[in-house]
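Keep the structure open next to the text as you read.

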Amino acid sequence: MVARSFINLSDLVSGDSSNLPQTPKALPQDITVPGVMFDLDGEQRDDNDSNAVSSEYHHKIIVVANFLPLNAQKEKISGRWCFTYDEDSILLQLKDGLSPDTSIVYVGSLKVDVDASEQENVSLKLLEEFNCLPTFIPSDLQKQFYNGFCKQHLWPLFHYMLPMSPDYCNRFDRSLWQAYISANKIFADKVMEVINPEHDYVWVHDYHLMLLATFLRRRYSQIKLGFFHHSPFPSSEIYRALPVRDEILKALLNADLIGFHTFDYARHFLSCCSRLLGVKYETNRGYIKLEYFGRTIFIKILPVGIHMGQLQSALNHPSSLAKVREMCKKYEGKKLILGVDDMDMFKGINLKLLAMEQLLQQHPEFQGELILVQIVNPPRSNGNDVKEERKEAYITSKRINERFGFEGYEPVIIIDRPVPLYEKTSYFALAECCVVNALLDGMNLIPYKYIVCRQGSPIMDDALEISSESPRTSVLVVSEFIGCSPSLSGAIRVNPWDINAVADALNLAITMPIREKQLRHEKNYQYVSSHDVAYWARSFMQDLQYSCKDHYSKNCWGIGFGLNFRILALSPTFKKLSVRHIVPAYKKANCRVLFLDYDGTVATQASNAETPSPEVINVLKNLCSDPNNTVFIVSGRGKDILSAWFDQCENLGIAAEHGYFLRWGQQSTWEMNHISANFSWKSIAEPLLRLYTEATDGSDIETKESALVWNYHNVDPDFGSWQAKQLLDHLESLLANEPVVVKKGKHIIEIQPQEVLSTMTRNGKLPDFVLSIGDDRSDEDMFEGLLTKAYGGTSSPAPEIFSCTVGQKPSKAKYYLDDTVDVRSLLEALATASGPE
């Protein structure tokens, strides 16, 4: 069941955006289905805004990325557009991991501008011949979206660059943010042209499209949607500097599965969700998941792999074989260290050169023997930072060559030109060691390619003039700050900022015994060859299918405006408790019991003592005046304060400290509702609680007559959660033989006697009507206890039970009310029903 929100997300776009050129006429939809919409009142309505409905169904995966996996070129003479697949694109390579029966449609932009008059024909051609649907973002918007918000705000932030000064990084520009929203909306519109939301899967790639999930989820609540973040994700301290931090996080949480290359990136994302949105995560059977308004979002941690077939084809290419023979003669008697990097400020090229300089200085015996070949890929931008990096690299290499070089020997060779893959594979195959010491990189597949090329092939062995039986060796020196580092257990990991450590690692790599090189290579090759791009794609899609398996088991409502839109997913049996539904059952009953939580239910939630309002007192008095009613206020607060607050309600029952102390009315005495009054366990638990309180700034201990509570509401969210988990485990172990239970609540750990809640209904005559209303986690125990313990196993008919939580959220209760105002309205209706006809 699908829901819609009550505002168009495009309203967030500035007024000027309405004047932007529109996307070309919609392509014929190969599959669309009319959505089934539900308003918040549960009424079904049809959504017939689809252009056409096809009776045919084709299962497919829609892969969405900023750029299509295509090369495009327009012939100057004929004016014809020529398109070819980009074989290096990971989007194209991932199809090898999917079933041959699965159709893939790519949605994204071309890397060239296409005139508006040609866009419709180009779209039809690309969809028919390449299964690609171009977005055609207007050039002005594209600049603001990609070169503006993506490259000036998101990319620097994800690489830990804050706008401390205008010279260092650009300050936040709201107009670029509006462009980012507009571009994501265009992508979403294109996806909607080709999707069958009941069957198709959508796989969105990288930080350019982090809002896409909200636009798609708003249109189809049960859309099957995965997102993979290919860049680093910064720690919460950095991410919090982004002015639109909440909007982006909430948009990502509209996906079903979110993927990251490393645990560090995932951990930072989860920390941001916890600190900024209060969304906690848990692990279960190897899965990390977040519960968000009744939906479960899964987190996937798996680095992408390489395309083994493409690399092996390049390795055996005649040009590669000829090149490696040429290089064997050129570098005869030399040992090669290889670096392959983009020219940008985060690749650490100059630090690598400084480490080489240090190595040659510390080990003169390498002079004349050791050569560092640094291949520089063409830069993706031409900013001042790139120019400075290039200038610094050339200055350093010149100094090293003048200091340690001589005729016929240059210790550093920089290849600063486009190098084809076949030539790179030749260098990979020949190099003794590969060093990748980037300062920060989302993934970096160079180490994987090096390992595969060092494994070689029979044809390459002939070119290298080595035996096919000779041991395979490789040594990697990799930065600990790149995404592939955790997966390469055989690599030498270094801190790229520590030049001495990198120099020592290079020395270790060059002088390492053959047997150790072989063992390290085998360990790395085993991982790389088994975790290629096909494995990555197959694993992600399997987890996406698992993440979406319960989509149609819940009712869904769209709530929230603009980018605050999210889906509320609830069980089909979970519905709002209406007066017209409960009053007839209330009137028919002869023995009624009402359990009413106080804080957050009858009264608004307050951390400090807040006395009940006159309206609350009046409605409770009216309910208690009915001789057929037994009314209890249930609270975790102490009996003294509750007695003072409800002194005017003569027949009101009070269950203090979650039912440990009971009073059936004002004239009754307080009873301890437990067979044992032995609190010796307190002397065991209190020292441990004090220890954690002293070690956790902002926490405190609340001592009740029947319980102890450790409160960490004012503690740093992450630290508080860590400490609470440790304390919970420690207490459960320490008090294993004591008659108590240790429970985790909302920012509390509570120790209380066993079987407190279940004794609250032992009142002689069994009721035929039970109403229980509460708002938090502790009340869930009451709902469960009423359903499973209080009336089970008796010969009397089971009472009609109305368990109700406050707020639309997942609960063990069967009903919900929106807020305390609804609760008071319901109680007033019941009080009126108790009066004379």
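Asp246 is partly exposed, with a relative accessible area of 25%; "partly exposed" sits between buried (under 20% relative accessible area) and exposed (over 50%), using a 1.4 Å probe and protein chains only. Its partner is Arg245: the two form a salt bridge whose closest N and O atoms are 3.8 Å apart. A salt bridge here is a side-chain nitrogen of Lys or Arg within 4 Å of a carboxyl oxygen of Asp or Glu. Arg245 is partly exposed too, at 28%.

Before going further, a word on what you're looking at: this is a predicted model, so local features need pLDDT of at least 70 and side-chain atom pairs count only at pLDDT 80 or more, while totals for chains, interfaces and linings use all residues. Residues are numbered from 1 along each chain as its sequence is written, and side-chain values use heavy atoms, with hydrogens and water left out.

By the salt-bridge rule the count comes to 35. Take Arg403 and Glu357, whose side chains meet at 3.7 Å, N to O. Helices (H or I, at least four residues) and strands (E, at least two) are DSSP runs, numbered from the N terminus. As for cover, Arg403 is partly exposed at 47% relative accessibility, whereas Glu357 counts as buried at 10%.

Now look at Asp818 and Lys576, with closest N and O atoms 2.9 Å apart in their salt bridge. Asp818 sits in the loop between β35 (815-817) and α25 (820-834), and Lys576 belongs to strand β23 (residues 575-576), so the pair ties together parts 242 residues apart in sequence. Asp818 is partly exposed at 34%, and so is Lys576 at 38%. There is also a network of salt bridges, linking Lys323, Glu326, Arg417 and Glu423.

Which strands sit at the edges of the open sheet of six? The order is β17-β16-β15-β18-β19-β20, with parallel pairing, and two strands pair if DSSP finds at least two bridges between them. The edges are β17 (412-415) and β20 (492-494), each pairing on one side only. Further in, four bridges join the parallel strands β18 (residues 433-436) and β19 (residues 475-479); one to find is Val436, whose bridge partner in β19 is Val478.

Strand β7 (residues 103-109) is worth a stop as well: six of its seven residues are buried. Six bridges join β7 to strand β4 (residues 60-67), running parallel, and three join β7 to strand β8 (residues 132-134), again parallel.

Finally, zoom out. The protein has 25 helices and 35 strands, and 55% of its 837 residues count as buried. Among contacts (heavy atoms within 4.5 Å) between residues at least 6 apart in sequence, 71% join residues at least 24 apart.
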